[in-house]
Amino acid sequence: MTPTPMTVIDAGDVAAEIEGSRPEILDVVRAAYLAHDAGQSSNPHSSFLRFPHQTRSRIISLPAYLGGEFEVAGNKWIASFPDNTRHGIPRASATLILNDCANGYPFACMESSIISATRTAASAVLGAEVLIGERRARRVGVVGTGLIAQHVWKFLRDLDWDIEGFRLFDLDRAAAERYRDVLAEHTDADVLIAERVEDAFTDCDLVVLTTVAGEPHLHDPRLLAHAPVVLHLSLRDLGPEVVLAAQNFTDDIDHAVRERTSLHLAEQRTGNRDFVDGTLGDLLQQRRVRHRGRPAIFSPFGLGVLDLAVGKWVHDRVVAAGKGRRQTDFFTGVGV
């Protein structure tokens, strides 16, 4: 059994494969969720490396195995250092290693911040489509207009969502203005910058939360009085009062109800997990449904199996195109 040569894939090659292929990537993410739902995966809890002198920073390890049509293992090592943005570099950096399931050897080392943002956005938009029932939102509120919010917009755009307007809020108004300008280039929708975070909820039937909040800052259940769908991608924005006022869905309950996420805080408040209505897999398999007239919150923890699915898809296309850097002598003493 000969190990596959290691292929190093940089951000340029990753971005080139993703751009223009988001509808296909949404299908890849859907297939990964269904394989996970069917028990064809192993997805241990993420490990969080924290720093006593930098409490807002962390590096997370996400090991996983994904079977079915994918048959790949690997690990994502992703750092989040929010203060990076003050120095002109992105908050997040990430590397994805893919392993051959036949012999365990790694066969790819990939830049993964783009893969991570892509799978997060694909997961969110898939959740929105299932919960809303169509690719349409009269008005979309966006709280936190950074990188993840930009990737969510690209999926909404490339999947031809029908959107009449946007309401944007960011503590950094300049970031909201940049996001507004990007939207203005690609859509005729009405785009306004909200002066208060509450205004990004008002009259919005889809709300996207992509902040770097470490503790809940939204506590008023009346934010959900008009029964929106909320994509709670940053996981810690909502107080238990808001969580308990809605139907709640996630990607994996055991993963999402931990590490002081909003769902975890709601569990501590109630002493149980009965407020979690189900998973995206449940929704895709129609074992659970959204109740019309009730607000719905989708809080995906971000499973490592999704990184494997999107990473394997990118790897296969890069190799087929003869791109990437193949290292035939990466492992000492192994001739390939």
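Visitor: In β7, which residue is the bridge partner of threonine 95?

Guide: Happy to start there, keeping in mind that this is a predicted model. Strand β6 covers residues 92–99 and pairs with β7 in the antiparallel sense, over 5 bridges. Across that pairing, the bridge partner of threonine 95 in β7 is glutamate 111.

Visitor: Which residue takes a positive phi in the hairpin of β6 and β7?

Guide: Look at the stretch that joins the two strands, where the hairpin has 6 residues between them. A glycine there has a positive phi near 85°, and that residue is glycine 104.

Visitor: Which residue in β7 does isoleucine 9 stand opposite?

Guide: For this one, move to strand β1, residues 6–9. Strands β1 and β7 run parallel and are joined by 3 bridges. In β7, the residue opposite isoleucine 9 is methionine 110.

Visitor: Do the buried residues of α1 line one face of the helix or fall elsewhere, and what arc do they fall within?

Guide: Helix α1 spans residues 11–18, and its buried residues are Asp13, Val14, Glu17 and Ile18. Seen down the helix axis, these buried residues of α1 keep to a limited arc, so they line one face of the helix. They pack against β1, α2, β7, α3 and α10.

Visitor: How many of the residues of α10 are buried?

Guide: Helix α10 runs over residues 304–320 and reaches 24 Å from its first C-alpha to its last, close to the 24 Å expected. Just after α10, glycine 322 takes a positive phi of about 75°. The helix is largely enclosed by the rest of the structure, because its buried residues number 13 of the 17.

Visitor: Is threonine 145 buried or exposed?

Guide: You will find threonine 145 in the loop between β8 and α4. Leaving aside neighbours within four places in sequence, its contacts include Leu168, Phe169 and Tyr179. Its relative accessible area is 3%, and buried means under 20%, so threonine 145 is buried.

Visitor: How far away is the nearest cysteine sulfur to cysteine 101?

Guide: The structure holds 0 disulfides, and cysteine 101 is in none. With a relative accessible area of 33%, cysteine 101 is partly exposed, whereas cysteine 204 is buried at 0%. The nearest cysteine sulfur to cysteine 101 is that of cysteine 109, and its distance is 17 Å.

Visitor: How far apart in space are proline 90 and arginine 139?

Guide: Proline 90 sits in the loop between β5 and β6. Its relative accessible area is 57%, and exposed means over 50%, so proline 90 is exposed. In sequence, proline 90 and arginine 139 are 49 residues apart; in space, C-alpha to C-alpha, they are separated by 29 Å.

Technical notes. Residues are numbered from 1 along each chain as its sequence is written. This is a predicted model: local features need pLDDT of at least 70, side-chain atom pairs count only at pLDDT 80 or more; totals for chains, interfaces and linings use all residues. Side-chain values use heavy atoms; hydrogens and water are left out. Helices (H or I, at least four residues) and strands (E, at least two) are DSSP runs, numbered from the N terminus. The expected span of a helix is 1.5 Å times one less than its number of residues. Buried means under 20% relative accessible area, exposed over 50%, partly exposed in between (1.4 Å probe, protein chains only). Contact means heavy atoms within 4.5 Å. Two strands pair if DSSP finds at least two bridges between them. The arc is that of the directions from the helix axis to the C-beta atoms. A disulfide is a pair of cysteine sulfur atoms within 2.5 Å.
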